[in-house]
Amino acid sequence: MVTQHTVYLALGSNLGDRQTLLRAAIQELQQIVDIQRISSIYETEPVGYLNQPRFFNLVCYGKTTCTPQELLKRAKAIEQQLGRQPSVRNGPRPVDIDILLYDTRILTDNTLIIPHPRMHERAFVLVPLTEIAPDVVDPRSSSTAQELLQSVSLDGITRTNVQL
């Protein structure tokens, strides 16, 4: 029997038609992840490199048979397919797909860290994550998404009416 793994993914876009790009990314992801739930779309200020357009961000979760490394490889291929080019760290991009959580696994290797290493400090991840899974636990801190959200600023995050 094939093992199903629960994964939480964060998606963002700030170049081009953000809504269309996020929709396309979700459609592509559905080939490898049985997506169960998708958060609202939030418009957010950029983090790190500030001289760039605002982002649309969302979080989804679902089931996959992919290993963490396979999921990362497929996510990066989807990003490239939708126009992502190498650029400055935290720079503008058509689509970004990050693996936040993979079951309750803690993983660190040369290409992948799970849970996502900056998830706990990013409201643009925690707000949509808490919307769809407030009680999901970060296995590194043993805190729920709701608990993690209480320690970050919500400045610059606006829930949109944009639909996928």
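## Arginine 105 and its surroundings

Setting aside neighbours within four places in sequence, arginine 105 is in contact with His5, Pro68, Ile114, Pro115 and Pro139, where contact means heavy atoms within 4.5 Å. Arginine 105 belongs to the loop between S5 and strand S6 (107-108); helices (H or I, at least four residues) and strands (E, at least two) are DSSP runs, numbered from the N terminus. With 35% relative accessibility, arginine 105 counts as partly exposed. The scale is as follows: buried means under 20% relative accessible area, exposed over 50%, and partly exposed in between (1.4 Å probe, protein chains only). The C-alpha atoms of arginine 105 and threonine 6 are separated by 10 Å, although these residues are 99 residues apart along the chain.

## Basis of the report

This is a predicted model, in which local features need pLDDT of at least 70 and side-chain atom pairs count only at pLDDT 80 or more, while totals for chains, interfaces and linings use all residues. Residues are numbered from 1 along each chain as its sequence is written, and side-chain values use heavy atoms, with hydrogens and water left out.

## The nonpolar cores

A nonpolar core is a set of buried Ala, Val, Leu, Ile, Met, Phe, Trp, Tyr and Cys residues joined through side-chain atoms within 4.5 Å. The largest one here has 29 residues, and Leu9, Leu11, Leu29, Leu71 and Ile97 have the most contacts inside it. At least two residues of this core come from each of S1, helix H1 (18-29), S4, helix H2 (68-81) and strand S5 (96-102). H1 gives the largest share, six residues. Apart from this core lies another, of 20 residues, which includes Tyr8, Met119, Phe124 and Ala133.

Leucine 71 touches Val7, Leu9, Ile32, Val33, Cys66, Ile99 and Tyr102, not counting residues up to four places away in sequence. In soluble globular proteins, nonpolar side chains tend to be buried together.

## Strands S1 and S5

S1 and S5 pair in the antiparallel sense over six bridges; two strands pair if DSSP finds at least two bridges between them. Leucine 11 stands opposite isoleucine 97 in S5. S5 is mostly covered, as seven of its seven residues are buried.

## Aromatic rings

The whole structure contains one aromatic pair. The ring centres of tyrosine 8 and tyrosine 61 are 5.0 Å apart and the ring planes are at 35°, so the pair is tilted. By definition, rings of Phe, Tyr and Trp (its six-membered ring) pair if their centres lie within 6.5 Å; planes under 30 degrees apart count as stacked, over 60 as edge-to-face and the rest as tilted. Because tyrosine 8 lies in strand S1 (residues 5-13) and tyrosine 61 in strand S4 (residues 55-64), the pair ties together parts that are 53 residues apart in sequence. Tyrosine 8 is buried, at a relative accessible area of 10%, whereas tyrosine 61 is partly exposed, at 22%.

## Threonine 130 and the cysteines

Threonine 130 is part of helix H3 (residues 123-132) and is buried, with a relative accessible area of 9%. Leaving aside neighbours within four places in sequence, threonine 130 is in contact with Ala145, Gln146 and Leu149.

The structure holds zero disulfides, a disulfide being a pair of cysteine sulfur atoms within 2.5 Å. For cysteine 60, the nearest cysteine sulfur is that of cysteine 66, 13 Å away. Cysteine 60 is buried, with a relative accessible area of 0%, and cysteine 66 also counts as buried, at 9%.
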